[in-house]
Amino acid sequence: MTNLIIWPVLIPLLTGILLLFAPKRVVFQRGLSTVSAAVLLVVNIFIVFTVQQQGIQTLQLGGWQPPFGIVLVTDMLAALLITAAAVVSLPILVFSIYSIGKERERFYFYAFYQFLIAGVMGAFITGDIFNLFVFFEVMLISSYILIVHGGTKKQLRESFKYVLVNVISSAFFVVGVAYLYAVTGTLNMAQLSERIGSLDTGAPILSVIAVLFLIVFGLKGALFPLYFWLPASYAAPPSPIAAIFGALLTKVGIYSIFRTYSMIFTHDTAFTHQLLGILAALTMIIGVIGAVAHQDVKKILVYNVIVAVGFVLFGVSTMTETGYMGAIFYLFHDIIIKGALFLMIGAMITVAGSTHLKEMGGLIKYHPRLGWMFFTAVMALVGVPPLSGFIGKLMLVQGGAEAGQYWIIAVMMASSLLVLYSMIRIFLKGFYGKIKLEKADQYGTTKGLLLPCAFLLTVSVLIGVGAEAVYPLAATAAETLYEPQIYIDAVLKE
Amino acid sequence: MITALHLAIIAPFLAAVFVPILYKMFPNIHTGWFVLAVPAVLFAYFLQYLPVTSNKETVMAVLDWVPSLDIHFNAYVDGLGLLFALLITGIGILVVLYSIYYLSKKTEALHTFYTFLLMFMGAMLGVVLSDNMMVLYMFWEITSLSSFLLIAYWYEREKSLYGALKSMLITVLGGFSMLVGFVLLYSITGTFSIQETIALSSEVVSHELFLPAMLTILLGAFTKSAQFPFHIWLPDAMEAPTPVSAYLHSATMVKAGIYLIARLSPVFAVSGEWLWLVAGFGITTLFWGSFSAVRQTDLKSILAFSTVSQLGMILSMLGVGAAALHFDNLDENLYVGATTAAIFHLINHATFKGSLFMMAGIVDHETGTRDIRRLGGLMTVMPITFTIAVIGGFSMAGLPPFNGFLSKEMFFTAMVEFTEFQLFNVDTFGILFPVLAWIASVFTFIYSMMLIFKTFTGKMQPEKLDVKPHEAPFGMLLSPIILVSLVLVFGFFPNILSYTIIEPAMASILPSLLQEGEQFYVDIYFWHGWTPELYMTLGVIGTGVLLYLGMKKWIGVYRLFPEGLSFNRLYDQTIIQGERMSEKVIGWHMTGYIKDYLLYIFSFFTAALLFTLFYKGAFVVNTENVAPISVYELILAGVLIVSVGIVMFTKSRLKAIIGLGVAGYTVALFFVIFRAPDLALTQLIIETVSVALFLLCFYHLPQISKNLESVRFQAGNFIISAAVGLTITLIGIAASSSRLFDSISGFFPEASYEEAGGKNMVNVILVDFRGFDTMLEILVLGIAAVGIFAMIKLRMAGREQL
Amino acid sequence: MSANEISSWIIGIIVLLGAVLSLISAFGIIRLPDIYTRSHAATKASTLSVMCILTGAFLFFSIVEGLYSARILLGIVFVFITAPVGGHLISRAAYHSGVSLWDASVQDELNGKKQKQPSSSARESNNG
Amino acid sequence: MEIVMSIIAGVLFMGGTYLVLSKNMIRIIIGTAIISHGAHVLLLTMAGLKSGAPPLLGLKASTYTDPLPQALILTAIVISFGVTSFFLVLGYRTYKETGTDNTEKMRGTDSYD
Amino acid sequence: MIQIILILSAVLLSLAILISLFRVAKGPSMPDRVIALDMIGINLISLVAVISLIQETTAFLEVILLLGILAFIGTVAFSKFIEKGVVIERKRD
Amino acid sequence: MKSNDVILQTATNIVLFIVLMFSVFIFFNGHHEPGGGFIGGLMTSSAVVLLLLAYDLETVKRVLPFDFKIVTAAGLLTAVATGMGSFLFGEPFLSQTYDYFTFPVLGELELATALLFDIGVYLVVIGITLTIIQTIGEDR
């Protein structure tokens with residue numbers, strides 16, 4: 001019982017609040033948020049080690065024993081994800097210092113950014129389904145503001161749609177909580193798991209509720225028939241905002257599906273998980289179709305976000321420990337590499353002054369470092385060993401094979417190939433090809449923009465090469481999900 | 001533990017890191033000279049393993065990488081691996097040497113070139129020396145990538161990019177497939193180690209996943225080795241600088257697929273499917289490649305198709321060689337010879353094809369073109385190059401006394417013998433093998449002759465050339481000269497390879513045929529007597545000469561194969577149509593209209609939930625514990641419904657707001673009826689403040705414009721919305737009828753006052769039990785308010801940005 | 001009949017009276033011809049009704065439960081103050097936004113004293 | 001009563017959905033407000049109705065209504081207030097910037113290219 | 001008996017609300033609707049009072065007072081909107 | 001448009017007083033009776049809304065010269081700081097405590113840290129309502 005695990009939420013939260021006091025002092029805003037993001041990263045890494053050594057960390061907020069109060073639970077999955085989130089949030093912050101512009105900085109950009117991080121962190125570590133809803137709202141309201149921040153036409157137009165869809169999905173979330181409370185009488189995830197696990201005979205209504213929650217989280221996580229809002233709205237805001245969205249926001253939805261479908265709704269896997277698997281496969285397909293269809297670099301990347309959703313959820317649907325581990329590895333990897341790719345795309349756009357591939361060409365001549373980093377990142381995304389995507393993909397395939405879902409493996413490999421195609425096209429047409437812009441014609445410089453990308457890429461490489469070091473962590477995380485009793489014991493039994 | 005062997009594999013990568021630095025530091029020295037040291041040292045290093053492997057010893061250097069996933073960076077040297085390692089480093093030396101003269105240090109970005117080349121070299125070494133399938137896969141993909149980069153080396157050329165993309169897509173497709181195959185194998189055996197898998201091969205064969213695993217792995221090998229119909233990437237890969245073509249597309253990368261098939265033969269080869277697939281695809285590729293080569297006009301294209309065809313030949317020999325596994329008795333085993341031939345030809349092919357590629361590069365370099373229609377009569381100006389071409393070309397055509405003749409003879413032997421094989425319908429269709437082999441050899445003969453004579457004899461056409469041709473500098477000629485001397489050496493003294501290289505490699509491919517201490521009988525010699533093979537060869541030469549001379553008369557045959565049906569076109573169309581189709585699919589459903597998106601979402605919502613509800617039989621109605629109803633409550637329900645109706649169907653925004661206010665107040669009243677005072681208070685105030693906000697904003701907003709929606713549109717919306725409402729209601733009834741557990745709320749009445757010191761339980765929950773929620777909730781409010789402030793004050797419109 | 005029962009009867013009657021009044025005023029809202037007459041029904045009759053009911057409630061809690069609730073008294077005072085103001089404001093808004101009087105009205109004192117300036121919302125109020 | 005309230009929640013959702021599907025910005029925003037009412041009513045209903053006195057210990061009743069859902073609804077109400085007001089302002093900013101309150105015209109030229 | 005009277009009163013009050021709602025729906029002018037809304041607000045006060053009597057609880061007394069305040073604010077806001085089109089003026093002239 | 005709002009303004013002055021008193025009452029009483037930080041804060045802001053309706057933004061700004069964004073931030077900080085106060089005693093975040101104290105004039109009173117938390121809530125609610133209204137009201 002330590003207060004350690006509240007800090008991932010508190011650090012950004014406090015920072016954000018403090019930033020509200022002096023919006024016009026840009027240096028203060030930049031400095032404080034950077035320091036806080038760095039501290040957050042250190043704290044989160046420390047939490048990972050603590051969890052590894054001492055097991056699941058819980059914090060009963062207000063000292064009330066669960067299930068009556070709210071309890072924060074940091075198991076290894078949560079610890080890994082908050083760390084991944086902190087790892088991307090720092091470089092993206094640094095990137096935005098160089099690229100977001102003074103005006104946005106003066107209008108609370110950093111505060112909203114910090115609140116967004118606080119929401120994401122909280123969503124990962126909470127052990128209470130309603131508290132999850134509240135954290136979702138913190139995250140969403142910050143994202144609404146960030147997406148519209150600056151108030152250009154395109155941003156306003158797209159954020160209207162974005163907000164609308166999310167407001168509706170939030171209402172569905174409340175509805176889901178209502179049904180769940182009616183049937184199970186509790187909100188605590190551990191107790192939900194325990195209670196639903198104790199049912200011998202199937203409770204058909206729970207399958208309905210499981211599907212409802214799949215829809216709710218699927219809306220946030222851009223699952224197959226619910227992803228429509230995503231492409232345009234993620235392409236609207238400036239690059240660093242798009243980066244943090246692409247890296248983190250859908251992941252929270254995925255995480256929630258992961259959590260609920262591995263620990264709570266396990267009573268009727270023949271139906272619910274098969275549905276999830278099918279939807280995951282369709283998500284991959286539609287994601288690559290979108291990625292292939294577009295010539296706009298942001299759009300290509302945005303659709304790749306959707307593909308990753310399918311990959312991770314496929315791992316969840318296998319219901320095997322290997323599949324879970326694959327999903328965890330892939331999730332972790334994807335957070336980092338998507339952040340890196342969005343930032344690099346951002347740097348490309350800064351230089352080329354356009355998001356369209358036909359306006360680019362031959363960038364490698366003047367930006368070789370950016371080009372090779374991008375190439376490496378694409379390879380990591382596709383899963384070329386020893387980069388970070390490989391282990392996740394390998395274990396997803398293994399998990400799928402264990403579960404006998406061969407056709408989804410085939411879909412997954414085919415979509416991997418198309419992911420490669422869509423991304424390498426950016427490389428071929430943007431960095432390679434006829435040189436369109438000579439040095440003098442370029443629209444901006446990459447000053448300060450490459451370091452954050454390099455940082456993320458390094459992390460990606462380290463995860464891949466040092467997979468053995470990460471493996472026990474992922475194994476612990478998967479074990480907790482595979483054996484919910486560990487989680488239940490940690491939360492409910494002192 | 002890291003051993004010298006690991007270092008040898010990693011060395012090229014390490015060197016690759018230093019290449020750009022050296023390039024910057026010594027701008028006056030051709031970077032190639034530094035790079036040359038790497039393959040040279042490695043070649044010398046690997047040579048010392050020769051005695052080891054010829055003694056049937058193997059070396060396994062263990063290094064853990066991700067042991068938890070059974071991924072070990074275990075380097076394994078045996079006859080097969082060493083053969084390839086020597087090829088890679090040996091040809092590597094010559095290619096780097098050649099490139100030093102081929103690529104100008106003034107105009108070319110040498111640092112990128114040599115970085116990629118070294119990466120490629122390292123990756124190839126990794127492929128052939130790794131015991132672990134995952135590590136093998138890693139290096140396999142890196143070869144695809146570095147070859148992609150090498151092909152796209154002149155990145156401003158459209159064709160380079162096209163070829164690079166094509167080769168990458170096809171080889172990576174195979175790589176992914178192979179990865180799946182490896183995982184399937186793993187799920188059978190539980191190990192990624194190739195040697196352990198070989199030890200467990202009997203289990204593998206009987207497993208139900210055997211066939212899928214084999215097929216997926218074969219796909220990987222076939223794409224890499226450019227087997228029909230995946231060969232289409234190879235001709236386009238010729239856009240790479242010639243040293244690259246000589247290296248990747250003759251000696252190394254394309255042979256990775258051969259290596260894989262040879263390496264995994266002990267696992268799969270006992271099955272009939274393997275025999276058919278490998279031999280069948282091989283012979284088809286052999287035929288199709290040689291047939292297609294004849295129609296080419298570009299020197300490198302001819303060589304590319306010839307490579308395709310030769311690879312098919314090697315593969316078919318490996319496939320036939322697998323037939324040996326169906327007989328236990330080594331002495332009577334004729335099919336082993338096919339394997340011998342395969343390995344021998346592998347080496348031969350590297351020598352003559354490498355020299356021919358370099359020859360083509362020299363011609364290109366010195367005349368500025370590779371088009372045989374523009375070339376001719378170079379014999380006099382480029383005598384040395386001509387000699388190289390003659391030796392290489394005759395060897396390729398299978399003419400004595402060059403090494404190509406030897407392996408071609410052995411190939412014919414294998415094909416003829418295969419017809420006598422009495423298993424898997426070979427007796428019926430087996431006759432196709434020698435027939436196709438023979439026809440292919442004829443074509444091989446023709447294109448070899450084209451290569452030599454169209455370039456070097458006939459009339460010179462200087463008007464068609466951009467530069468005045470002259471003999472290449474000695475440095476550039478050195479490498480091909482070395483290679484053709486090897487052609488001669490191996491032709492005259494083939495047996496220097498027999499027991500040093502070929503036999504150990506065979507032992508790796510067919511280990512189950514050897515007892516402890518035994519070895520294969522490998523003796524290669526020219527004269528076998530008047531055998532059918534010899535007649536076949538003579539037939540090839542005779543027919544070939546005739547056809548070559550009368551080429552104008554029959555070349556029209558190729559027009560019978562319309563361009564539209566080629567695999568190339570299939571690939572192009574797949575890409576173009578694929579993009580077009582996906583644009584259509586996306587354009588069709590991603591309309592940009594939020595209404596459409598919501599319709600999809602709501603439809604899925606109702607469909608999925610109602611289906612689950614009734615499919616699972618979850619809909620139950622239980623009126624046991626429900627609260628009683630009063631008349632006035634029903635009337636109030638009516639009030640609520642009517643007010644919602646007003647909001648729904650009004651065209652006036654003010655009326656809508658009044659309706660919303662009434663609805664909100666009625667909801668508050670229900671909160672009163674259901675004994676929730678705090679809720680009622682909050683709801684009332686919030687409703688009022690919201691209404692005030694709406695009115696405030698209406699100042700800035702227009703009226704609801706009339707006649708926006710058609711009746712049909714409205715009816716459609718109404719049906720969807722009614723379905724949503726119905727879903728919510730039905731599940732609500734079902735959920736409240738199936739309460740499975742007691743609520744946890746029994747705790748609060750006691751704890752509120754006793755432990756938290758408050759009598760208003762709701763408030764106590766808000767500030768204490770669930771104070772965290774409240775904290776975040778006010779955070780949401782705060783963010784919203786500041787966000788509204790920022791949204792209104794910060795206007796960057798007009799400066800639309802990206 | 002105990003004192004308690006009598007008082008509860010009285011309370012019941014007061015409350016019922018209030019309810020009936022409220023219903024009557026609701027009919028007034030429906031039946032009366034123009035906005036200005038309807039406003040009478042809404043403000044006067046229903047103010048009386050709510051005061052009746054609140055008085056009943058006050059009596060109930062003071063007699064039956066023994067609780068003298070200042071909040072109800074405050075509520076009565078409050079309604080007493082605000083209802084006329086509200087009625088006044090709406091009628092004025094109606095007049096200013098150009099809602100016409102009933103044809104049978106005999107007098108329009110403000111006529112000519114104040115210009116009718118239909119505001120943006122007045123247009124709305126007419127087409128609603 | 002639970003059934004009646006479920007129906008009411010359903011009606012609120014129906015009304016909200018209908019409004020949200022229209023093209024007009026104001027109606028959409030009002031629609032989201034109604035949907036959240038529906039969600040709150042449903043949450044209250046699902047906890048069970050009229051099962052005791054209001055959750056005030058000062059009333060000294062023997063049983064009390066479940067206070068937990070009430071606290072949740074309160075949180076949800078306040079959050080939806082924040083979101084709705086944000087949405088409202090977003091709506092009018094969008095109108096001012098794009099000059100239309102018709103979502104059909106807010107398609108965006110770059111939905112795909 | 002008293003319960004029956006109270007419920008009867010509640011029914012009457014709800015009917016009054018329903019009838020007023022008819023006026024909200026029908027109009028014809030906007031002030032008509034606002035008057036009806038005001039009326040509904042007042043009837044709600046009565047209804048809350050009656051419900052407190054029915055439930056014999058003092059829990060809702062705050063609601064009564066608050067409803068009075070809010071109905072007033074609502075009415076003021078609507079009438080200002082109708083009269084001036086702007087609810088809160090920046091500066092009164 | 002010029003208008004005479006004497007009636008409204010007079011009524012507002014009286015009503016405002018009642019509402020403010022009531023909101024303070026409801027805020028402090030919240031732990032035991034219906035009410036609390038939210039409702040108290042909302043009531044106070046609705047009182048200010050009434051003031052705004054009867055007068056105008058400039059006047060109200062003169063009466064209440066706060067930057068309400070700062071009020072919001074201060075409220076948030078109060079709430080979070082209350083939660084963090086429990087760190088000093090090694091208790092979990094947001095642990096509330098209460099005790100009964102006897103004061104000279106007022107007699108025995110219950111003082112709870114929850115009240116401090118509620119003050120934060122109260123400030124935030126006022127801050128945000130007025131920030132929003134002011135921002136929109138000033139926007140032209």
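This is a predicted model: local features need pLDDT of at least 70, side-chain atom pairs count only at pLDDT 80 or more; totals for chains, interfaces and linings use all residues.
**Stop 1: chain B**

Select chain B and colour by secondary structure. Chain B holds 33 helices and four strands. Its radius of gyration is 38 Å, well over the 28 Å that the globule rule gives for 802 residues, so chain B is more spread out than a compact globule. Turn the view along the principal axes: the C-alpha atoms fill a box of roughly 115 × 65 × 55 Å.

Now colour by accessibility. Of the 802 residues in chain B, 66% are buried. Switch to contacts next. Among those in chain B with a separation of 6 or more, 79% come from residues 24 or more positions apart.

Show the surface. Chain B exposes about 26500 Å², and carbon and sulfur atoms supply 65% of that area. Then pick out the charges. Chain B has 41 positive and 52 negative ones, and their mean positions lie 18 Å apart.

**Stop 2: chain F**

Move to chain F. Here there are five helices and two strands. Trace the chain along the sequence and the pattern reads α-α-α-α-β-β-α. The globule rule gives 14 Å for 140 residues; the radius of gyration of chain F is 18 Å, well over that value, so this chain is more spread out than a compact globule. Its C-alpha atoms fill a box of roughly 60 × 35 × 25 Å along the principal axes.

Buried residues account for 56% of the 140 in chain F. For contacts between residues at least 6 apart in sequence, 58% join residues at least 24 apart. Select the charges: 5 are positive and 12 negative, with mean positions 22 Å apart.

**Stop 3: helix H16 of chain A**

Select residues 388-403 of chain A. This is helix H16, with 16 residues. From first C-alpha to last, H16(A) reaches 24 Å, close to the 22 Å expected at 1.5 Å a residue. Is the helix enclosed or open? Of its 16 residues, 14 are buried, so H16(A) is largely enclosed by the rest of the structure. Step just past the helix to Gly404(A), which takes a positive phi of about 75 degrees.

**Stop 4**

Finish on Ser2(C). This residue sits in the segment before helix H1 (3-31) of chain C. Ser2(C) has 35% relative accessibility and counts as partly exposed. Draw a distance to Ile24(C), 22 residues away along the chain: the two C-alpha atoms are separated by 33 Å.

How values were computed:
Residues are numbered from 1 along each chain as its sequence is written. Chains are lettered from A and ligands numbered from 1 in the order in which they are written. Side-chain values use heavy atoms; hydrogens and water are left out. The expected span of a helix is 1.5 Å times one less than its number of residues. Buried means under 20% relative accessible area, exposed over 50%, partly exposed in between (1.4 Å probe, protein chains only). The radius of gyration is taken over C-alpha atoms; the globule rule is 2.2 Å times the number of residues to the power 0.38. Contact means heavy atoms within 4.5 Å. Accessible areas come from the Shrake-Rupley method with a 1.4 Å probe; for residues, only the protein chains shown count as cover. Lys and Arg count as positive and Asp and Glu as negative; His and the chain ends are not counted. The place of a charge is taken as NZ of Lys, CZ of Arg, CG of Asp or CD of Glu.
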